[in-house]
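Please look over the structure below together with its sequence. The report that follows starts from a single residue and then widens to the chain as a whole.

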Amino acid sequence: MLLAASMGAVPIPIATTLKIIASKVFGTKPALDVNTLNIYETILFKVRFARIVLAVLVGVALSVSGVVYQGIFKNPMADPYIIGVSSGAALGATVAAIVFKGLGVFGFTLVPVLAFIGATLTVFFVYNLARTGTKVPVATLLLAGVAIGALLQALTSFVMILGTKDLHFVIFWLMGGFSSKNWDHVMVMLPFLILGLPLIFYYSRDLNLLLLGEERARQLGIEAEKIKKVLIIVASLLAASAVAVSGIVGFVGLIVPHIIRLITGPDHRILIPCSALFGASFVVFSDLLARTLMAPTEIPLGVITALFGAPFFIYLLKRSKRGLF
């Protein structure tokens, strides 16, 4: 975070960044002339810090939801978008940009609002579609997610055809990124993490038992269906809130939990906080590359994460073919 705050179109020495932070916390005065200090403070507190904190929140949300999905589905190839989160968010954002352009609510454009609504409605629809009585078979949930995701992607493409003038904005949003994001976006996403993360960590031991199989978990006194329902809803809300403010940022929920699992093992009491920390670092670092590699042109964040994630995904596939995975 400190490195990301110091680098950019206007480089700020790390020591100076620390002094400016200290001046706000402890009331000290950095040894800088007034004009330079005002410029640096504006850059740091109104632009970079908000973007960095938002990147941290998105990284935490996507990586932790990835841990949950991989644990519930018992599949290390699962990620937060597997049951249609990204497709629902994409459709909501596209409709907001093309059909309701210019409209806003609570000071925001409708893009993040409808993206969140689209993502959450999709998750609940897929969940209820897959539910059989009081049970939700994992295989059925996956198939429902793939089917509904494909339908929503088709609808997104159709809506994009209707609004050719706004395609540039829509495509850039679909690629993900934190351009023009501010503290308001941070405050929108923060409540979901404050409520969701402790709840997921509370069920970390139960998630360990679910890895033994649902029947075995029930024998050990775990209400498997109830826990699955709670975890899927909370993880989906985390992913939906991340997608709503950042667009589609792929592979974070896939590669981060898998890398950490290789290091720490499968115990979710350790895996969840470590994945949150590494996921935050990964997204902050990727965003730093996105805004500095071709400055002043900004590369979409989803492109950077895909450049990291796709080769790693191919590596996992090759390992699995050799029987090492």
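This is a predicted model: local features need pLDDT of at least 70, side-chain atom pairs count only at pLDDT 80 or more; totals for chains, interfaces and linings use all residues.

Val 303 belongs to helix α14, which spans residues 301-321. Although 127 residues separate Val 303 from Gly 176 in sequence, the C-alpha atoms of these two residues are 8.1 Å apart in space.

Most residues other than glycine have a negative phi. Against that background, Ser 180 stands out with a positive phi of about 70 degrees although it is not a glycine, and Phe 251, also not a glycine, has a positive phi of about 75 degrees.

Ser 180 sits in the loop that links α7 (167-175) to α8 (183-202), and because its relative accessible area is 67%, Ser 180 is classed as exposed. Phe 251 is located in the loop between α11 (224-246) and α12 (252-264), where its relative accessibility of 24% makes it partly exposed.

## The nonpolar core

The largest nonpolar core holds 94 residues, and the members that touch the most others are Val 85, Leu 141 and Met 189. The greatest contribution to this core comes from helix α3 (residues 34-73), which supplies 20 residues. In soluble globular proteins, nonpolar side chains tend to be buried together.

Which residues is Met 189 in contact with, once its neighbours within four places in sequence are left aside? The contacts of Met 189 are then Leu 54, Leu 57, Val 58 and Ala 61, together with Ser 241, Ala 242 and Val 245.

## The chain as a whole

The chain contains 14 helices and 2 strands. Its radius of gyration is 21 Å, close to the 20 Å that the globule rule gives for 325 residues, so the chain is as compact as a globular protein of that length. Taken along the principal axes, the box filled by its C-alpha atoms is roughly 70 × 50 × 40 Å. Of the contacts in the chain with a separation of 6 or more, 73% are between residues 24 or more positions apart.

Buried residues account for 50% of the 325 residues. The accessible surface of the chain amounts to about 15,500 Å², and carbon and sulfur atoms provide 70% of that area.

Methods. Residues are numbered from 1 along each chain as its sequence is written. Side-chain values use heavy atoms; hydrogens and water are left out. Helices (H or I, at least four residues) and strands (E, at least two) are DSSP runs, numbered from the N terminus. The radius of gyration is taken over C-alpha atoms; the globule rule is 2.2 Å times the number of residues to the power 0.38. Buried means under 20% relative accessible area, exposed over 50%, partly exposed in between (1.4 Å probe, protein chains only). Contact means heavy atoms within 4.5 Å. Accessible areas come from the Shrake-Rupley method with a 1.4 Å probe; for residues, only the protein chains shown count as cover. A nonpolar core is a set of buried Ala, Val, Leu, Ile, Met, Phe, Trp, Tyr and Cys residues joined through side-chain atoms within 4.5 Å.
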